[in-house]
Amino acid sequence: MKTNLNHARSGFPEKAGLKMNSRSKTSPNCMGICKQCLLFSAIWSVMLLWVSCGAGGPKEAYTQMAPDSLILWYNQPAADAHWTDALPIGNGHIGAMIFAGVDTDHIQFNESTLWNGRPRDYAHHGACKYLPAIRSLIFAGRQKEAEALGEAHFMGINDHDPEKYQQLRKDWLQKVRKDTAAAAPGLDDSHWKTMHLPLINGWETGGLQGVDGALWFRVDFEVPADMAGQDLYVDLGRIRDQDYCYVNGHYVGRDEGISTKRHYLLKKEWLHAGKNVLAIQVINFFDKGGFTGVKNDRPIFVLYPAGKTPASGIAISRDWKYWIQDSRPPFFPQYEARYQPFGDIYLQDLTGGGYSDYKRSLNIRTATAAVSYKKNDIRFTRHYWASAADPVMVMRIEADRHKAVHFKARFSTLHGDHQLFKIDHETIGLKVQVKDGVLHGYSALRIKTEGAAAQLKVTDSTIEVIDADAATLYTVAATNFVNYNDASGHPDSLCLGYLRQIEAIGHGNYGALYKRHEAAYHQLFDTFDLRLGTTSRRDLPTDERIRQFTVSSDLGLITLYTQYARYLMISATPPGGRAANLQGIWNNLLTPPWGSKYTTNINLEMNYWPAEVLNLSSCTGPLFKLIQDLSEAGAVTAREQYGAPGWVLHHNTDIWAATAPIDAAKHGIWVGGSAWLSHHVWEHFLFTEDTAFLRDTGYKLMKKAAEFYQHFLIPDPKTGYLISVPSNSPEHGGLVAGPAMDHQLIRDLFSNCIKAAEILGVDTAFRKDLADKYKQIAPNQKGKYGQLQEWMEDKDDTADTHRHVSHLWGVYPGNDISWDKDSAMMRAARQSLIYRGDGGTGWSLAWKVNLWARFKQGNHALKLLEELLRPAEGAAGRERGGVYHNMMDAHPPFQIDGNFGGAAGVAEMLVQSQNGYIDLLPALPDSLAVGWVRGIRARGGFTLNIWWKDHRLDKVQIRGIKSGPCVLHYGKLAKKLHVAAGTLYTLNGDLEEMNGIQ
């Protein structure tokens, strides 16, 4: 049977009300939900079910399972103010967010190498001479002094000299403080713009992207007669960074600090009944600026008499006038660089009139976003995709009537230093220069039209399409980044080369380009499939589906969520791309949260948790390239800051391969990054059995990391154990000696190095030394509350619900603690997790899902997965851990790690293989009574297909990369097979081999 699967896999879910474009013959991807589409979708679902159940195998138990529809869809465009409503596309080079507006469409895009900063030395040269003193202070119990010494002499080097900055800052602040005319009550501020306050993520989200400096805010407020003659308080919440308050021209006071709630006394002699004016000069030196609210229900923007409470006060308007006084403060010293947005493409529809029958979607089986609507009784459709095969983003606009496509396209960007220009008769260009950095970017937008009457009008800033039947837009982008030591590239030459490459593929034919994209994408995506349960609400728009989600009503959403994570991984970090940062490849802010860089004490690593097990092993290549860079830069940090060989990585890095401690000594001096990343190197070998990778790449990285810890570990004066000092349990408890997580990481690294050296037949003496030191490392300890101790001292607080669960690393993703090795310690680890609670940010919830799966408590794991899938919009408009409308993870704000960690948790419920055997359905929740998974991976180089029904294993198929033993466990059953490489073996629910391949 030959079926048009391209057609069957695309489009919208049932009842979307769309029609197939019967005229167009060039688009291989149907937009619609016509009868033909429904027929093809049904055929595709049946074919998948037939294959997944096994040709000729029992199918009746699976016929009621949730239908396969891997589509996010919505009945309205994404609003520009809600970036996380837009839909992501990407190819590891370009990432874009599709808003799919009608009168004006907005495509915000990134290029993966556009960061601020520059190649430089991050390490603090000579800092190692302070290491003994820091250690002595910690051993003496003088933690604060140790942190102060570390802060002064052990942190990495800033991009701008802090001492010079202080004088520049002082001079600049004196200048802007001299001009207080904006505080005058009679000032005419009618020409000032208005901003609605507060903005939790700063005035950047209110239209002031990239603005630092001095701004004035003003608001009128009424003092009622019964409050006249009284001192009044005004509460304004948090303000970043400093502020100076005036009322009716009188200076009230000042405050500073990003966490301080502003609380000002307005004296009665400054006030009068009726209209008054409050003026605030806000000073923001870098990062987020302005009024950022509070994180609780405390009333703000409220006026009340002394002796009363804010709840009894009167509200002040939240719509304030503002004026930018000076937006050029001196550059703030920063430890690391920030990932930057590149630009925006706006498509203005020139047809006029209202619209109806609107739908937008993202089909993650085809990596294609789409929108369809009617306007003037004409059906318009658009497709958007970032080619998985070529360095281009493609958009196509069609109508079901000739000469109906009329629009104007233009570039825009947040970068103040930019240039718009015409390249040729069908192409416009955009150049950007980042602020405070050496990188510049070049982008080109080319439009090809169809139809005999079609016209193009090109200026330096726009392309206008007139009377076309269809139009295809090609966007390319590049920067001068070459590598972490080199920014000498030529992005203009690269982009023009990309355009020639596209022209060479079928003369730029849309269909030819799409087929290349489709083939490359399916080569990755189709390695895995999943079906859970019998319930699905795919009839609901995705935003509503998330709001209504429960495990009992919509297990199909968990399937979609898991596959969406794989889509995001392929889109953000495919083979040949760059490692996924905190936001993958998507960022719309010049000052993104945490710089949208790489946080290496959990977040970068979590990004790659599902890669191996969910059959995207090749997507780890960009991570290993980053690790290679870090090993080179980290060797300098190891030598200069620790006097040690090997390489070290602290808790953050960026595109320039920063490895030194940053931010603050109490959490920045953490030495576990190189060990944790080395764990990913070893895991890749375990899943792939790729000895060439181990020999040529993996072992070298692991060995150099181990050499650092060989030198770094020292005896604990109290116990004699080898311990890690100075360090911290990530972001928790300050600078200490011997956090449990460090010891788990180092044991894992030493053990894996020993195994790797044995496999390769090398380094006998090195192996012996690691084995000796392994035995001396401080062990995991059980504390007085029955918990796994987070530190050497038994000081855990049972009421502590900190988001990090670092001391449980040895349970997951490590294997330092397991039921097989030490059930008592496993119970202690579980008790620690119980004390930590079920709350958390997005990524924290995701980690806990995996931990509960390792504890083999599937119901608890599923409970937290349900929390991870709750709407990010909480009470009173405040965000919480969960997912946004586009299913991206909410820390909040958006971080992509939770998506990846949550998907890994689903896999961990179905298969575990960390103990030398494959454990089938080890943490299957009661609610997942029926399902199947195809292409899930296990350590040892095995790929499995698994079916279960009535909450019991029904059948399993297994194929190995190499010949050798394979041990399967299911509950109390165990089966040892000797598999031949490439041969498929089928076993029933009792682990008995079945005749033939089914």
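Colleague: Is Asp-436 buried or exposed?

Modeller: Buried means under 20% relative accessible area, exposed over 50%, and partly exposed in between, with a 1.4 Å probe and protein chains only. Asp-436 is buried because its relative accessible area is 12%. This is a predicted model, in which local features need pLDDT of at least 70 and side-chain atom pairs count only at pLDDT 80 or more, whereas totals for chains, interfaces and linings use all residues. Residues are numbered from 1 along each chain as its sequence is written, and side-chain values use heavy atoms, with hydrogens and water left out.

Colleague: Where is Asp-436 placed, and which residues is Asp-436 in contact with, leaving aside its neighbours within four places in sequence?

Modeller: Helices (H or I, at least four residues) and strands (E, at least two) are DSSP runs, numbered from the N terminus. Asp-436 is in the loop between strand E23 (427-433) and strand E24 (440-450). Contact means heavy atoms within 4.5 Å. Beyond its neighbours within four places in sequence, Asp-436 is in contact with residues including Asn-116, Arg-118, His-160 and Phe-331. A polar contact is a pair of N or O atoms within 3.5 Å; within protein, one must be able to donate a hydrogen and the other to accept it, and residues adjacent in sequence count only if both atoms are side-chain atoms. The side chains of Asp-436 and His-160 are joined by such a contact, of 2.8 Å.

Colleague: What is to be noted about phi of Asp-467?

Modeller: Most residues other than glycine have a negative phi, and most peptide bonds are trans. Asp-467, in strand E26 (residues 462-468), has a positive phi near 55 degrees. Asp-467 counts as partly exposed because its relative accessibility is 24%. Lys-856 also has a positive phi, near 65 degrees, and is found in the loop between H19 and helix H20 (858-868).

Colleague: How many bridges join strand E16 to strand E21?

Modeller: Two strands pair if DSSP finds at least two bridges between them. Six bridges join strand E16 (residues 343-349) to strand E21 (residues 405-412), and these strands run antiparallel. Asp-344 stands opposite Ser-412 in E21.
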